Amino acid sequence: MASNYEYEEASATYDDAHRQDLGYDPNFVPDSVKSFVVHLYRHIREKNVYEIHQMYEFSFQTLSDRLFKEAPWPSVDAVAHYVDNDQVFCLLYREMWFRHLYARLSPTLKQRIDSWDNYCSLFQVVLHRAVNMQLPNQWLWDMVDEFVYQFQSFCQYRAKMKNKTEQEIALLRQYDQAWNVYGVLNYLQAFVEKSNIIQILEQEKEGLEQFTANDGYDYSGGSNVLKVLGYFSMVGLLRVHCLLGDYQTGLKCLLPIDISQQGVYTSVIGSHITTIYHYGFANLMLRRYVEAIREFNKMLLYIYKTKQYHQKSPQYEQILKKNEQMYALLAICLSLCPQVKLVEDTVNSQLREKYGEKMARMQRYDDEAFGLYDELFSYACPKFITPSAPSFEEPLVNYNQDAYRLQLKLFLYEVKQQQLLSGVRTFLKVYSTISLGKLANYMEVDEPTLRTILLTYKHKTHAVDSDGKIISNADVDFYIDDDMIHVVECKPVKRYSDYFLRQIVKLEGVINDMDRIKLD
């Protein structure tokens with residue numbers, strides 16, 4: 001099914017491109033852009049989600065690559081009269097305009113502030129008016145994702161105060177509410193509340209709603225915009241709280257989404273990856289290593305199986321980057337909590353290829369191992385932010401690294417404590433029973449110190465889950481009876497189904513090879 005627009009796009013004149021080379025004129029609208037906005041506007045009015053998705057995902061990228069590689073799209077004022085000066089369409093167009101600007105160019109401070117104003121106007125319309133549109137999930141996810149990204153980008157930009165001009169400082173003082181952390185959190189929270197998404201997901205469990213089955217779309221003639229923005233805002237809140245270093249609150253915001261099941265969040269690859277990356281990272285920072293390993297494993301396996309289908313997608317580079325970061329985080333989790341049985345063979349072999357050597361060195365208790373934890377964490381962690389505005393009265397300094405340094409320090413402090421325990425674990429793996437005196441002797445400490453170490457081991461291998469229950473991350477557990485330590489090794493649950501499935505796939509491969517030989 002080809003859209004009418006595609007034929008007109010193909011006939012875009014050479015003159016369009018040629019004029020672009022002469023310098024950016026915000027009021028010049030090439031014919032192909034005119035055609036693009038007219039058709040997109042019509043499809044939005046007709047609620048033709050398929051065509052909107054085609055134009056949003058592919059035509060917009062094609063035109064950007066051809067005409068606007070190093071320049072912004074025409075201004076909203078220049079295209080407004082082609083779309084009946086429709087306020088909502090103009091807000092959507094500007095949202096795409098700013099997103100393209102952030103992706104291809106470097107936004108000025110004024111443009112960052114204007115983008116904030118545009119989001120406020122757009123979100124106010126969605127929250128307080130009856131919006132009669134169906135938009136693709138991809139676009140609605142990108143809206144939330146970009147909103148959080150631009151907030152993060154603004155905080156990083158504002159924190160580099162050293163080289164700011166007087167004009168920039170004056171603008172920052174004047175627009176001190178732009179990208180305010182409370183404003184950002186309030187909009188995301190307002191979407192969650194106004195959309196009633198938590199109640200919708202609850203009703204779905206009881207079979208009274210069809211939200212996930214319909215991928216969030218409203219086929220009864222209503223609008224999916226508020227509901228799906230509410231849904232994706234829960235992921236947005238998780239991400240913002242991770243950037244602020246508040247992992248507990250972040251995971252709490254995501255609770256209504258059952259990530260053990262397929263959901264609307266899995267219908268858009270960017271949303272799927274962002275959700276699991278931040279969910280896994282938050283669990284890692286809260287010492288819930290088993291949960292982090294389980295989810296990273298599932299996500300990495302999914303990317304391994306499906307990444308070839310996303311090669312032409314604008315998100316492809318981002319998919320690859322997050323894939324590499326999640327392997328680094330998985331390497332950290334498994335070094336702190338050696339639960340390799342939770343990892344599929346395919347993911348494990350990729351992990352060994354990328355980090356096998358480093359993981360072996362991370363098991364040691366020395367400065368080199370400590371340096372590797374630092375290196376992997378710095379590569380794979382989110383870009384933490386300091387959300388508060390600078391003090392303009394004091395000497396201007398760069399504080400953009402402060403939040404990252406604090407999180408790194410907290411993480412490495414935890415690693416140092418965990419590394420102290422690796423010696424205990426090594427001995428416990430060898431014995432089924434051992435006396436306290438004997439183990440103290442081996443470890444070259446006195447008995448009271450050993451008891452303290454064993455209590456610390458118990459504490460560090462347990463964590464509190466989201467329901468407030470205490471869960472164990474240990475693959476080796478023990479109890480002390482009088483002066484004897486009794487070791488209980490957790491037996492891995494054998495998953496015969498996985499083994500048989502792998503053998504079936506191998507057998508099919510052999511049969512296919514044999515069939516080819518016969519044909520020759």
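**Entry 1**

I looked up Y431 and found it partly exposed, with a relative accessible area of 23%. Buried means under 20% relative accessible area, exposed over 50% and partly exposed in between, with a 1.4 Å probe and protein chains only. The model is predicted: local features need pLDDT of at least 70, side-chain atom pairs count only at pLDDT 80 or more, and totals for chains, interfaces and linings use all residues. Residues are numbered from 1 along each chain as its sequence is written, and side-chain values use heavy atoms, with hydrogens and water left out.

I then checked Y442, which is partly exposed at 38% relative accessibility. Y431 and Y442 form a stacked aromatic pair, 6.2 Å centre to centre with 25 degrees between the planes. Rings of Phe, Tyr and Trp (its six-membered ring) pair if their centres lie within 6.5 Å; planes under 30 degrees apart count as stacked, over 60 as edge-to-face and the rest as tilted. Y431 lies in the loop between α19 (402-430) and β1 (433-435) and Y442 in helix α20 (residues 436-443), so the pair ties together parts 11 residues apart in sequence. Helices (H or I, at least four residues) and strands (E, at least two) are DSSP runs, numbered from the N terminus.

**Entry 2: H486**

I found H486 in strand β5 (residues 484-489). H486 is partly exposed, at 21% relative accessible area. Its C-alpha atom is 8.7 Å from that of S435, 51 residues apart along the chain. Leaving aside neighbours within four places in sequence, H486 is in contact (heavy atoms within 4.5 Å) with S432, T433, D477, F478, Y479 and D481.

**Entry 3: the whole chain**

I noted 22 helices and 5 strands in the chain. The C-alpha trace spans about 85 × 80 × 50 Å along its principal axes. Of the 520 residues, 50% are buried. Of contacts between residues at least 6 apart in sequence, 73% join residues at least 24 apart.

**Entry 4: aromatic pairs around W116**

I got a count of 29 aromatic pairs. One of them is W116 with F147, stacked at 6.2 Å centre to centre and 10 degrees between the planes. W116 is in helix α7 and F147 in helix α8 (residues 137-159), so this pair ties together parts 31 residues apart in sequence. W116 is buried at 8% relative accessible area, and F147 is buried at 1%. Ring pairs link W116, Y119, F123, F147, W179, Y187 and F191 into a cluster.

**Entry 5: α7 and α10**

I looked at helix α7 (residues 109-128) and helix α10 (residues 181-194), whose axes come within 11 Å and cross at roughly 20 degrees. Axes are lines fitted to C-alpha atoms, for helices over the stretch in contact, and angles run from 0 to 180 degrees between N-to-C directions. This makes α7 roughly parallel to α10. Angles under 35 degrees count as roughly parallel, over 145 as roughly antiparallel, 65 to 115 as roughly perpendicular and the rest as oblique. Residues of the contact include W116, C120 and F123 of α7 and Y187 and F191 of α10. They divide into 9 nonpolar, 3 polar and 1 charged. Ala, Val, Leu, Ile, Met, Phe, Trp, Tyr, Cys and Pro count as nonpolar, Asp, Glu, Lys and Arg as charged, and the others, Gly among them, as polar.
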